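Here is a brief report for someone meeting this structure for the first time. Take a look at the model before reading on.

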Amino acid sequence: MFLLLQDVADIEKKIEEAPDSAYEIGVVIGTYLPFVVLVLVAYAFYYYSKKRAQD
């Protein structure tokens, strides 16, 4: 839990020190994209497992 809080502080610091808005967008995308991909992969496994169980 502590690591997550520390990571949020690092993200906020990077956004505050960003040279322009494109860097801010890159930081946000780079931060949230791995979580979004992980959720999509987990949903795909769930969907295919559920479909296989029904067949």
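How many helices and strands make up the secondary structure of the protein? There are two helices and zero strands. Keep in mind that this is a predicted model.

**Overall surface**

The protein has 55 residues, and 7% of them count as buried. Its accessible surface comes to about 5,200 Å². Carbon and sulfur atoms account for 67% of that surface.

**Helix H2**

Helix H2 covers residues 21-54, which is 34 residues. At 1.5 Å a residue, H2 should span 50 Å. Its end C-alpha atoms lie 48 Å apart, so the two values agree. H2 does bend, by about 30° at tyrosine 32. A proline, proline 34, follows within four residues.

**The tyrosine cluster**

The structure holds three aromatic pairs. One of them joins tyrosine 43 and tyrosine 47, and this pair is stacked: 6.3 Å centre to centre, with 25° between the planes. Both residues lie in helix H2, four residues apart, about one turn of the helix. Tyrosine 47 also pairs with tyrosine 48. Here the ring centres are 5.5 Å apart and the planes stand at 70°, so the pair is edge-to-face. Ring pairs link Tyr43, Tyr46, Tyr47 and Tyr48 into a cluster.

| Residue | Relative accessibility | Class |
|---|---|---|
| Tyrosine 43 | 52% | exposed |
| Tyrosine 47 | 40% | partly exposed |
| Tyrosine 48 | 57% | exposed |

Tyrosine 43 counts as exposed because its 52% is over 50%.

Technical notes
Residues are numbered from 1 along each chain as its sequence is written. This is a predicted model: local features need pLDDT of at least 70, side-chain atom pairs count only at pLDDT 80 or more; totals for chains, interfaces and linings use all residues. Side-chain values use heavy atoms; hydrogens and water are left out. The expected span of a helix is 1.5 Å times one less than its number of residues. The bend at a residue is the angle between axes fitted to the seven residues ending there and the seven starting there. Buried means under 20% relative accessible area, exposed over 50%, partly exposed in between (1.4 Å probe, protein chains only). Accessible areas come from the Shrake-Rupley method with a 1.4 Å probe; for residues, only the protein chains shown count as cover. Rings of Phe, Tyr and Trp (its six-membered ring) pair if their centres lie within 6.5 Å; planes under 30 degrees apart count as stacked, over 60 as edge-to-face and the rest as tilted.
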